[in-house]
Amino acid sequence: MFYKITAITMTILFAFTINVLSQNKYVGLKSCIACHKGEKGKMVYESWLKTKHSQAFNTLKSEKSKEIAKRMNLKSDPTEALECLKCHATGYFPDEQMSPSNKKEDGVTCEACHGPGSAYRNKHGKDKKEEGLKLGLIIGKNDEKICKKCHNQESPTFVGFNYKKDWEKVKH
Ligand code: HEC
Ligand code: HEC
Ligand code: HEC
Ligand code: HEC
């Protein structure tokens with residue numbers, strides 16, 4: 001009996017470790033804009049900079065954010081609180097992992113919508129679309145679902161969400 005339980009526990013622990021080790025990590029804005037900036041990168045970075053996603057972290061410094069935090073009885077400042085960072089930064093949902101190059105100050109970055117990039121960042125693109133998708137790149141299939149990870153009732157200021165209309169405001 002004892003051995004059986006031990007064996008089961010070991011199996012679960014092993015599976016858990018493999019899962020954690022192989023989970024894709026958020027690598028940060030810099031890794032993406034190395035290639036997706038300027039004319040050569042089809043101005044994707046420049047167009048993202050103009051959206052509110054690039055300002056999402058800064059919003060947490062506003063008076064309005066402090067009021068919301070007070071109303072919700074948060075123990076920490078909004079810029080430190082996981083309750084806010086999970087949607088106003090990238091990689092802060094409880095099951096997510098990041099490498100040190102991922103910066104909360106950059107707000108809602110490329111990877112917030114395209115998935116954590118540790119595996120696909122250097123293995124996708126022209127003629128390698130399938131490979132990218134296999135390594136965790138998100139595009140085309142789950143786009144609306146990804147938006148709703150943050151654009152939902154859990155947002156203290158939720159104004160509703162309409163994929164077609166809202167994509168027009170942030171598209172690139
Ligand atoms: C080494 C250069 C390089 C890096 C780094 C890079 N990309 Fe790309 N990426 C490309 C190229 C080249 C393409 C194909 C041409 C295009 O669409 O601009 C591409 C295409 C894409 C596409 C369109 C889907 C596809 O397969 O065509 C997405 C989305 C994307 N990249 C996101 C990212 C994200 C997010 C990061 C950061 C984690 C990143 N890229 C980092 C070079 C790169
Ligand atoms: C990681 C969370 C997250 C994801 C994923 C996300 N957003 Fe956002 N979005 C935000 C936050 C936070 C703001 C508010 C930023 C601010 O004002 O500081 C925002 C703001 C916006 C705005 C601006 C609203 C306004 O008042 O003008 C639009 C439009 C938008 N998002 C569209 C989208 C679309 C379309 C997608 C999916 C393709 C998406 N978002 C995915 C978190 C997210
Ligand atoms: C708010 C979510 C969101 C953010 C943030 C975001 N993207 Fe995208 N991106 C999308 C969606 C959704 C599409 C696919 C739209 C479609 O189906 O036409 C897309 C398309 C692309 C494409 C393909 C464009 C083409 O010509 O086909 C590239 C490349 C890309 N994104 C790179 C990036 C990079 C680099 C960043 C960061 C600077 C970024 N994205 C930030 C949601 C996002
Ligand atoms: C579930 C995701 C989510 C969480 C959690 C979240 N936000 Fe937001 N926040 C958003 C989105 C999406 C927007 C864009 C407008 C909208 O739909 O609420 C936004 C917009 C805002 C705005 C701008 C509203 C305006 O004036 O236009 C402020 C301020 C803000 N959030 C503060 C906070 C603070 C402070 C916290 C933590 C207590 C927080 N948010 C937690 C998703 C979230």
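Author: Let's start with a term: a salt bridge is a side-chain nitrogen of Lys or Arg within 4 Å of a carboxyl oxygen of Asp or Glu. The model above is predicted, so keep that in mind as we go.

Reader: Fine. How many salt bridges does a search of the whole structure find?

Author: The general idea is that side chains of opposite charge can pair when their charged atoms come close. In this structure the search turns up six salt bridges. One of them joins Asp166 and Lys169, with 3.4 Å between the closest N and O atoms.

Reader: Where in the chain do Asp166 and Lys169 sit?

Author: Both are in helix H10, three residues apart, so about one helical turn separates them. As for the surface, Lys169 is exposed, with a relative accessible area of 64%.

Reader: And how far apart are the closest N and O atoms of Lys171 and Glu168?

Author: They are 2.9 Å apart, and the two residues form a salt bridge. Lys171 counts as partly exposed at 44% relative accessibility, and Glu168 is partly exposed too, at 49%.

Reader: Which parts of the chain does the pair Glu80 and Lys104 tie together?

Author: First the contact: Glu80 forms a salt bridge with Lys104, and their closest N and O atoms are 3.7 Å apart. Glu80 lies in the loop between helix H5 (63–71) and H6, while Lys104 lies in the loop between H6 and H7, so the pair links parts that are 24 residues apart in sequence.

Reader: Is Lys104 buried or exposed?

Author: For this one you need the cut-off: buried means under 20% relative accessible area. Lys104 has 16%, so it is buried. Across the chain, buried residues make up 28% of the 172 residues.

Reader: Let's step back to the fold. How many helices and strands are there in the chain?

Author: There are 10 helices and zero strands. Read along the sequence, that gives the pattern α-α-α-α-α-α-α-α-α-α.

Reader: On to the metals. Which residues are the protein donors of the iron atom of ligand 2?

Author: They are His53 and His151, each through NE2, lying 2.0 Å from the iron. His53 is in the loop between helix H3 (44–49) and H4, and His151 is in the loop between H9 and H10, so the pair ties together parts that are 98 residues apart in sequence. Both are partly exposed: His53 has a relative accessible area of 23%, and His151 has 34%.

Reader: Now the surroundings. How many residues surround ligand 2, and which are the closest?

Author: When you read a ligand shell, look at who is there, what class they belong to and which elements they come from. Ligand 2 has 19 residues around it, with His53, Thr59, Cys147, Cys150 and His151 the closest. By class, that shell holds 11 nonpolar, five polar and three charged residues. The elements giving at least two residues each are helix H4 (56–59), H6, helix H7 (110–114), helix H9 (143–147) and helix H10 (163–170). H10 has the largest share, with four residues.

Reader: Which side chain has an N or O atom 2.4 Å from an oxygen atom of ligand 2?

Author: That's Thr59. Also, a polar side-chain atom of Lys52 lies 3.4 Å from an oxygen atom of ligand 2.

Notes. Residues are numbered from 1 along each chain as its sequence is written. Chains are lettered from A and ligands numbered from 1 in the order in which they are written. This is a predicted model: local features need pLDDT of at least 70, side-chain atom pairs count only at pLDDT 80 or more; totals for chains, interfaces and linings use all residues. Side-chain values use heavy atoms; hydrogens and water are left out. A residue is near a molecule or strand if one of its heavy atoms lies within 4 Å of it. A polar contact is a pair of N or O atoms within 3.5 Å; within protein, one must be able to donate a hydrogen and the other to accept it, and residues adjacent in sequence count only if both atoms are side-chain atoms. Ala, Val, Leu, Ile, Met, Phe, Trp, Tyr, Cys and Pro count as nonpolar, Asp, Glu, Lys and Arg as charged, and the others, Gly among them, as polar. Donors are N, O and S atoms within 2.8 Å of the metal (3.2 Å for Na, K and Ca); water is not among the atoms, so sites may look incomplete. Buried means under 20% relative accessible area, exposed over 50%, partly exposed in between (1.4 Å probe, protein chains only).
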